[in-house]
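Please look over the sequence and the 3D structure shown here, and then read the briefing that follows, which is arranged by topic.

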Amino acid sequence: VLKSGCKYVNPARMADELIVETTMLYRPDQHNAKIELAHTIVKKNNLTVVEGSTILGICNDKFELLYRIPDDIREYLDRQIAHYQKNPLPYLKIIKT
């Protein structure tokens, strides 16, 4: 995790049913080895409880931070993104920028 943060907007109680939505911000021409995620936690009545974000770095098998996305990982991400765009999940959004 390179960076993570959140903003608490409204309270939630133990009995509240919460929905976690994650949005992946993806640029097909992106070369730097990071994945940006935006998170929103909402109550069932659509009241936002928390807004947050995470930036993940991509490491090699020696846990060294990479500066470019390797071709095999880029191809894997492209296949996964294409799959979820055709078969969307209610809690996952992919935004190509």
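Which residues of helix 1 are buried? They are R74, L77 and I81, where buried means under 20% relative accessible area, exposed over 50% and partly exposed in between, using a 1.4 Å probe and protein chains only. This is a predicted model, in which local features need pLDDT of at least 70 and side-chain atom pairs count only at pLDDT 80 or more, while totals for chains, interfaces and linings use all residues. Residues are numbered from 1 along each chain as its sequence is written, and side-chain values use heavy atoms, with hydrogens and water left out.

**Helix 1**
- The buried residues R74, L77 and I81 cover an arc of only 60° around the axis, so they lie on the same side of helix 1; the arc is that of the directions from the helix axis to the C-beta atoms.
- The face of helix 1 turned away from this buried side carries the exposed residues D72 and K86.
- Helices (H or I, at least four residues) and strands (E, at least two) are DSSP runs, numbered from the N terminus.

**T23 in strand 2**
- T23 lies in strand 2, which covers residues 18–26, and counts as buried because its relative accessibility is 14%.
- Not counting residues up to four places away in sequence, T23 touches E36, L37, A38, K93 and I95, contact meaning heavy atoms within 4.5 Å.

**I55 in strand 4**
- I55 is placed in strand 4, residues 48–57, and its contacts beyond four places in sequence are V1, L2, K3, K34, I35 and E36.
- Although I55 and G5 are 50 residues apart in sequence, their C-alpha atoms are 9.4 Å apart in space.
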